[in-house]
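Please study the fold below before reading the commentary.

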Amino acid sequence: MISNYQDKVPLGAVLPALVSVLPLKEDFEENTAVWECLVRLYSEGEPTILALTPKILPILEHVLGPPEEQLDDETREQVVQLVKFLHGKQPQLVKKYPGLMAAVNG
């Protein structure tokens, strides 16, 4: 819904609620849609998602770790690219997470 109707969705309310239920514990196939949307919002510089970065970093570390089936290969690559982007913007935050630094240096 966010992807198709971003201008009609109150992102300031919806994104914090979405982030609060991540990472997904089951139904990993939903991760594709979730992370594609979040990556797109970051690429657009959406202010709410940018403000949520400190809460999203530990979630990123989790989904890049085991179990591997949390992300398909294409989504994993998008998430790794997001981590590298965030490291370029806020290295001091990303450096707090060894799993993310492994992705940056990987």
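Predicted model: local features only at pLDDT ≥ 70, side-chain atom pairs only at ≥ 80, totals over all residues.

Residues are numbered from 1 along each chain as its sequence is written, and side-chain values use heavy atoms, with hydrogens and water left out.

The chain contains 7 helices and 0 strands; helices (H or I, at least four residues) and strands (E, at least two) are DSSP runs, numbered from the N terminus. In order from the N terminus, the elements read α-α-α-α-α-α-α. The radius of gyration is 13 Å, close to the 13 Å that the globule rule gives for 106 residues, so the chain is as compact as a globular protein of that length. Here the radius is taken over C-alpha atoms, and the globule rule is 2.2 Å times the number of residues to the power 0.38. The C-alpha trace spans about 40 × 30 × 20 Å along its principal axes.

Contact means heavy atoms within 4.5 Å. Among contacts in the chain with a separation of 6 or more, 57% are between residues 24 or more positions apart. The accessible surface comes to about 6000 Å², and carbon and sulfur atoms hold 57% of it; such areas come from the Shrake-Rupley method with a 1.4 Å probe, and for residues only the protein chains shown count as cover. The chain carries 9 positive and 15 negative side chains, with the centres of the two sets 12 Å apart. Lys and Arg count as positive and Asp and Glu as negative, whereas His and the chain ends are not counted; the place of a charge is NZ of Lys, CZ of Arg, CG of Asp or CD of Glu.

Of the 106 residues, 43% count as buried. Buried means under 20% relative accessible area, exposed over 50%, and partly exposed in between (1.4 Å probe, protein chains only). A nonpolar core is a set of buried Ala, Val, Leu, Ile, Met, Phe, Trp, Tyr and Cys residues joined through side-chain atoms within 4.5 Å. The largest such core has 34 residues, of which W35 and L60 touch the most other members. Two or more residues each come from α1 (11–20), α2 (30–43), α4 (53–64), α5 (73–89), α6 (91–94) and α7 (98–105), and α2 gives the most, with 7 residues. Apart from neighbours within four places in sequence, L60 contacts W35, V79, L82, V83, L86 and L100.

R76, in helix α5, is buried, with a relative accessible area of 15%. Leaving aside neighbours within four places in sequence, R76 is in contact with V63, L64, E68 and L71.

The loop between α1 and α2 holds V21, P23 and D27. V21 is exposed, at 53% relative accessible area. Most residues other than glycine have a negative phi, and most peptide bonds are trans. D27, although not a glycine, has a positive phi of about 50 degrees, and D27 counts as partly exposed at 46% relative accessibility. L22 and P23 are joined by a cis peptide bond, with omega about 0 degrees. A cis bond also runs from P66 to P67, with omega near 0 degrees; P67 lies in the loop between α4 and α5.
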